[in-house]
Amino acid sequence: MAFKKLKILLGLRDDPNAVPRHAKIGRESHGVSGHNFYNCTAQSPVTIGAFCSIAPGVLFLCHANHPTETASTYPLQTRIFGRKTRKANLEYLTSKGPIVVGNDVWIGSRAVVMSGVTIGNGAIIAAGSVVTKDVAPYTLVGGNPAKLIKRRFSEQTVAALLEIQWWNWPMSKIKAHQAAFDLPADEFARHFMPTPHYQPPVGVRDGAMITCICADNDECLGVAAVPISLSHQPELSSPEPGCRLLSRYR
């Protein structure tokens, strides 16, 4: 044991606890160590996004597929014919490509993720699952092979969360909105969804005046005229509570 540790310290042996150099882990993602990767290579790398939760026993099977079109799936070249090297073993094995895990993903204990798989933002992988195909954002999958169990939120909420991308916020902003992360996802999305780009009616010129009429039961309660910009929505306020704003351009 001491000799193995010495070889690791001298760089003569890979540290099994260290994350492989062909794996990239995003900020604040936790639970990841070298034990989570099998044959992570330049041809079969792994990328894990930010704020991911990787439970104990999760395994990313990277460069690990045996050829199935040959007479035997046994690694004769490396175990019988004398080429017992890591390089020869990797030449024998195949991969379906990189593994990509999005942001804010939770992968349950002892799940296995196969090469070539992309897991979308906000997805959940049930414990013990074998993931052989791509997983859509904000879905829950499970089983062997993993299949859709449910979609976590409505399409509108998912679209909003993917646009907000809170995982890219600076840490100071995340901490400033601590309470918001206890809200249901739809409320969080409504609170932080960016304002859509303002599109004025066709034919309205920059600098035109907008006449705002506050009306309640067709009774005029107030009129105001303000200049508008084609790039910003005019700030309109109602002179009376509960009344509706009508507008026309000139």
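I took a contact to mean heavy atoms within 4.5 Å. The model is a predicted one. I looked up contacts between residues at least 6 apart in sequence, and 42% of them join residues at least 24 apart.

Overall make-up. I found six helices and 16 strands in the protein. Of its 250 residues, 34% count as buried. I noted an accessible surface of about 15800 Å², with 54% of it belonging to carbon and sulfur atoms.

Salt bridges. I applied a cut-off of 4 Å between a side-chain nitrogen of Lys or Arg and a carboxyl oxygen of Asp or Glu. The count came to one salt bridge. I found that Asp186 makes it with Arg190, and the closest N and O atoms are 3.8 Å apart. Both residues sit in helix H6 (residues 185–192), and because they are four residues apart there, about one helical turn separates them. I checked accessibility next. Asp186 is partly exposed at 33% relative accessibility, and Arg190 is exposed, with a relative accessible area of 58%.

Hairpin. I looked at strand E12 (residues 139–142), which pairs with E13 in the antiparallel sense over four bridges. In this pairing I see Thr139 opposite Arg151 of E13. Four residues lie between E12 and E13 in the hairpin, and Gly143 in the turn has a positive phi of about 105°. Is E13 largely in the open or buried? Strand E13 (residues 147–151) has five residues and the number buried is zero, so this strand lies largely in the open.

Definitions and conventions
Residues are numbered from 1 along each chain as its sequence is written. This is a predicted model: local features need pLDDT of at least 70, side-chain atom pairs count only at pLDDT 80 or more; totals for chains, interfaces and linings use all residues. Side-chain values use heavy atoms; hydrogens and water are left out. Helices (H or I, at least four residues) and strands (E, at least two) are DSSP runs, numbered from the N terminus. Buried means under 20% relative accessible area, exposed over 50%, partly exposed in between (1.4 Å probe, protein chains only). Accessible areas come from the Shrake-Rupley method with a 1.4 Å probe; for residues, only the protein chains shown count as cover. Two strands pair if DSSP finds at least two bridges between them.
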